[in-house]
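The report below goes from the overall make-up of a protein chain to one local detail of its fold. Please keep the sequence and the model in view while reading.

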Amino acid sequence: MFTPPTPKSLDKFYLNGEYVVPISTKTFTVLNPKDDSVVADQVPIAEATDVDIAVAYAEKAFRGEWSTFTAMQRSVCMYKLVDLLEDNLLDILTLDSLTTGNPVSLIPTREKNYIKNCLLYYGQSSIKIGNER
């Protein structure tokens, strides 16, 4: 099960369903734009090898079971993603707020609803424009 990152755990990449240590040793520090406090230190910067690994996982996943799903099955997956995000979205958006300066007061309403509605839209769209096999 996905666990949203905390600022202290941003030292790895999330690939293929798990947090992995990057090959690159380059890092940067993420600051809160509101007060320049450190949100996360030692955040990895992906280099070509890290990107190649991520792309390989993505291509494998895309050509895997997902590629055989009907439009309806893809839609069900999108709705399931909305349900799963419901449990973790506030944590993810709080971290986003710390790193972008977006007001925390917008998280429970505007930001959360934008993301949920976007995913619901794509879930519905996959049925409307999908080619059934």
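This is a predicted model: local features need pLDDT of at least 70, side-chain atom pairs count only at pLDDT 80 or more; totals for chains, interfaces and linings use all residues.

Residues are numbered from 1 along each chain as its sequence is written, and side-chain values use heavy atoms, with hydrogens and water left out.

The protein chain holds 3 helices and 4 strands, where helices (H or I, at least four residues) and strands (E, at least two) are DSSP runs numbered from the N terminus. Read from the N terminus, the order of the elements is β-β-β-β-α-α-α.

| Property of the protein chain | Value |
|---|---|
| Box filled by the C-alpha atoms, along the principal axes | roughly 50 × 40 × 25 Å |
| Distance between the mean positions of the 13 positive and 17 negative charges | 6 Å |

Of the 133 residues in the protein chain, 23% are buried, meaning under 20% relative accessible area with a 1.4 Å probe, protein chains only. For the charges, Lys and Arg count as positive and Asp and Glu as negative, with His and the chain ends not counted; their places are NZ of Lys, CZ of Arg, CG of Asp or CD of Glu.

Strand S3 (residues 27-31) and strand S4 (residues 38-44) run antiparallel and are joined by 4 bridges, and two strands pair if DSSP finds at least two bridges between them. Within this pair, Thr 27 stands opposite Pro 44 in S4. S3 and S4 form a hairpin with 6 residues between them, and Asp 36 in the turn has a positive phi of about 60°.

How values were computed: Buried means under 20% relative accessible area, exposed over 50%, partly exposed in between (1.4 Å probe, protein chains only).
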